[in-house]
Amino acid sequence: MTDAAQNPSAVSPRTQRLQARLRGRYARETRFKWYGRAAIGFALVFLVILLGSIIMQGRTAFYSHSVTLPVHMDASRIDRSYPQGANFEQIVAEQQLRRLGVQDDASGSKAAAMKALFSSELKFQAAGMIARQPSLLGQTVPVTAPLSDNADLYLKGEISKATPEDQRRISNEQMAWLDRMKASGAVRAHFNTALFTKGDSTQPELAGLLGAVVGSALMLLVTALIAIPVGVGAAVWLEEYSPRNRITAIIEVNINNLAAVPSIVYGLLGLALFINFMHLPRASPLVGGLVLALMALPTVIIATRSSLKAVPPSIREAALAMGASRTQTVFGHVLPLAMPGVMTGSIIAMAHALGETAPLLLIGMISFVPGVPHAIDEPVGALPSLIYIWENASERAFHERTAAAILVLLAFMIVMNAAAILLRRRFERRW
């Protein structure tokens with residue numbers, strides 16, 4: 001064994017400096033790793049907080065309360081030929097007060113307070129029963145209808161009895177009536193199917209997401225049919241066929257700049273071009289899809305060009321050496337190998353377009369549109385604009401539905417991103 005090995009102090013100063021640098025390098029690498037872990041941890045914490053707050057606010061929107069009451073179809077107050085003209089809400093309120101043993105006053109305030117607990121859907125349900133079966137007149141039949149938004153919020157625990165009565169929209173007397181009806185089994189909770197089977201409504205208990213979901217799907221269909229073929233074609237031309245000159249350089253710079261343009265500018269362009277100049281139907285999926293296609297085009301082009309650049313040049317050289325033409329090389333060999341990246345970029349661009357709100361507001365999709373669209377030229381809402389409308393509504397029950405709509409929108413985006421991953425893996429296995 002040498003003297004240097006036996007005596008550590010015999011190590012030369014130069015070796016000591018090298019060892020110190022090496023320890024410092026390892027220490028910096030360890031700190032960098034912990035910085036990265038801390039950043040990921042902070043991001044996950046804030047993501048959990050965000051999703052948790054949305055879920056906690058929106059979970060109550062996925063169930064609702066309805067009431068089933070025996071209603072005597074009084075033939076003296078209901079016209080057989082036109083049952084829709086009868087005041088079923090007043091009839092039901094008066095009968096329910098008698099069941100509860102409550103005496104109405106001369107002004108009818110008790111009946112008005114009872115009517116406020118029921119949704120307006122009650123009169124349509126009762127009138128529909130008489131219209132379909134006039135023989136029900138004079139009989140007592142069960143009628144089921146949703147509760148009003150304030151009554152529903154109270155039964156969900158969103159309105160507390162501890163809150164002063166003058167600071168809430170439901171009185172102590174109405175709360176007592178609801179408690180008695182719930183105890184008797186007349187009121188029950190159930191999954192809120194109306195949230196997914198109905199369109200928008202001015203009444204929160206009847207408002208649903210179906211119209212907005214269909215509108216968003218139609219818009220994305222128009223966007224995909226325009227942005228993906230045009231974007232991929234433009235990227236293939238720029239990457240494989242275009243000459244390298246000043247005009248091409250200007251086009252490439254402008255495409256990169258368009259990817260950073262605020263989305264509201266595309267909304268202004270769509271308003272001026274598609275609505276004011278081309279006179280296309282306002283607030284329709286056609287106009288919305290065209291605007292979102294313009295916004296998605298730069299992203300599709302940039303993603304496709306990056307995927308084409310990632311294909312090894314040897315693929316092109318081998319195909320050309322075997323006698324393939326330039327077009328056969330591009331579409332038979334290069335583009336299929338770049339397809340995973342192309343599909344991923346395209347679907348991510350569609351998911352980004354799905355969440356845009358500002359362009360849709362400028363082309364009229366902020367307006368109230370009930371029902372479900374059946375064509376791309378009909379007025380329609382979309383999930384982002386519906387979220388904006390509901391969040392700014394004065395009724396408190398719309399706010400829980402806003403959170404539910406956000407969860408549906410996030411689920412829509414997760415499905416699209418999952419589809420991008422599956423398509424990428426499929427093409428990677430194929431090629």
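1. First, the ground rules. This is a predicted model, where local features need pLDDT of at least 70, side-chain atom pairs count only at pLDDT 80 or more, and totals for chains, interfaces and linings use all residues. Residues are numbered from 1 along each chain as its sequence is written, and side-chain values use heavy atoms, with hydrogens and water left out.

2. Let's start with the aromatics. Rings of Phe, Tyr and Trp (its six-membered ring) pair if their centres lie within 6.5 Å; planes under 30 degrees apart are stacked, over 60 edge-to-face, and the rest tilted. That rule gives 3 aromatic pairs. One of them is Phe 191 with Phe 196, a stacked pair at 6.0 Å centre to centre with 5° between the planes. Phe 191 is partly exposed at 48% relative accessible area, and Phe 196 is also partly exposed, at 33%.

3. Now a tilted pair: Trp 390 and Phe 398 have ring centres 5.8 Å apart and planes at 35°. Trp 390 is buried, with a relative accessible area of 1%, and Phe 398 is buried too, at 4%.

4. Two charges sit over rings, by the rule that NZ of Lys or CZ of Arg is within 6 Å of the ring centre and within 35 degrees of the ring normal. Arg 37 is over the face of Trp 34, 4.8 Å from the ring centre. Lys 156 is over the face of Tyr 63, at 5.2 Å from the ring centre.

5. Have a look at Gln 96 in helix α3 (residues 88–100). Helices (H or I, at least four residues) and strands (E, at least two) are DSSP runs here, numbered from the N terminus. Gln 96 counts as buried, with 4% relative accessibility. Leaving aside residues up to four places away in sequence, Gln 96 touches Leu 69, Met 114 and Met 181 (contact means heavy atoms within 4.5 Å).

6. Helix α14 (residues 326–354) isn't straight. Its 29 residues put the end C-alpha atoms only 36 Å apart, short of the 42 Å that a straight helix would reach; the expected span is 1.5 Å times one less than the number of residues. There is a bend of about 50° at Met 339, and Pro 340 follows within four residues. The bend is the angle between axes fitted to the seven residues ending there and the seven starting there.

7. On the annotations: an unreviewed UniProt entry lists residues 213–420 as "domain: ABC transmembrane type-1". UniProt positions follow the numbering used here, feature names are shortened, and annotations may be inferred rather than shown by experiment. In the model, residues 213–420 are 76% helix and 0% strand. The entry's "transmembrane region" ranges include 285–304 and 330–351. Residues 285–304 are 100% helix, with end C-alpha atoms 26 Å apart; residues 330–351 are also 100% helix, with ends 28 Å apart.

8. Last, the loop between α11 (263–277) and α12 (285–310), where His 279 is found. His 279 has a positive phi near 60° without being a glycine, and is exposed at 63% relative accessible area. Ala 283 lies in the loop between α11 and α12 as well. Ala 283 has a positive phi of about 60°, but is buried at 5%.

How values were computed:
Buried means under 20% relative accessible area, exposed over 50%, partly exposed in between (1.4 Å probe, protein chains only).
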